[in-house]
Amino acid sequence: MERDCGAWVNILSHKVKKRLNATLADLGVTGVQSRVMHYILEHYQSGPVFQRDVEEAFELSRSTTTNILQLMEKNGIIRRESVACDARLKSLVPTEKAGSIDNKVRDCVIEIEEVLTRGISQEQVQQFLATAKRMSANLDE
């Protein structure tokens, strides 16, 4: 039986996560943590980053995001700081460790992306991205 689109998306997702986690294990972060870390590093410079920003950017539930951020805090990748305007809000602040491993993480992600798209033309990659974006939108309807 031919696999359907959803099955292929699931298979690819599993393989990318597995490869990324194995590659990043020496740095002490998972693939998801590395992407969240990079997001925080990029956006922290222009203003505070909050948990809800991560939830929206990665389309994650509140509980999943909480678990990811708690592990990142425990592993010294981020710290949470209270903000003056609302004591309930905690700004996500990247640590020196996050800054020091960001380039290595980025290199790993680029390497995996190159392996993933090997033998595929730029036009095919663009078509895949457009198709995946449309599929995501379809599921949001």
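Predicted model: local features only at pLDDT ≥ 70, side-chain atom pairs only at ≥ 80, totals over all residues.

Colleague: OK. How does the lining of the second largest pocket divide into nonpolar, polar and charged?
Modeller: That lining has 2 nonpolar, 2 polar and 6 charged residues.

Colleague: Which residues line the second largest pocket?
Modeller: Phe 50, Gln 51, Arg 52, Glu 55, Arg 62, Thr 66, Arg 80, Arg 88, Leu 89 and Lys 90. Two or more of the lining residues come from each of α3, α4 and β2 (86–94).

Colleague: And how much space lies in the second largest pocket?
Modeller: About 230 Å³.

Colleague: Now the largest pocket. What volume does that have?
Modeller: About 1,800 Å³. It is lined by 36 residues, and the closest to its centre are Val 9, Ser 13, Val 16, Phe 128 and Ala 132.

Colleague: How do the residues of that lining divide?
Modeller: Into 21 nonpolar, 10 polar and 5 charged.

Colleague: Which element gives the most to the lining of the largest pocket?
Modeller: α6 does, with 11 residues. At least two residues each come from α1 (5–24), α2 (31–44), α3, α5 (96–116) and α6 (122–140).

Colleague: Let's switch to α5. Where is the kink centred?
Modeller: On Asp 102, and the kink is about 40 degrees. Asp 102 is also one of the buried residues of α5.

Colleague: How far apart are the end C-alpha atoms of α5?
Modeller: They are 30 Å apart. The helix has 21 residues, and at 1.5 Å a residue it should span 30 Å, so the two values agree.

Colleague: Last topic, Glu 59. What is its phi?
Modeller: Near 55 degrees, which is a positive value in a residue other than glycine. Most residues other than glycine have a negative phi.

Colleague: Where does Glu 59 lie?
Modeller: In the loop between α3 (51–58) and α4 (62–74).

Colleague: Is Glu 59 buried or exposed?
Modeller: Exposed, because its relative accessible area is 60% and the cut-off for exposed is over 50%.

Key:
Residues numbered from 1 in each chain as written. Heavy atoms only, no water. Helix = DSSP H or I, 4+ residues; strand = E, 2+ residues; numbered from the N terminus. Buried < 20%, exposed > 50% of the residue type's maximum accessible area, 1.4 Å probe, protein only. 1 Å grid on protein atoms, 1.4 Å probe; cavity = no way out; pocket = protein on both sides within 12 Å on 5 of 7 lines; lining within 4 Å. Points joined across faces, edges and corners; volume = space filled by probe spheres on them. Nonpolar A, V, L, I, M, F, W, Y, C, P; charged D, E, K, R; others polar. Expected span 1.5 Å × (residues − 1). Bend = angle between axes of the 7 residues up to and from the residue.
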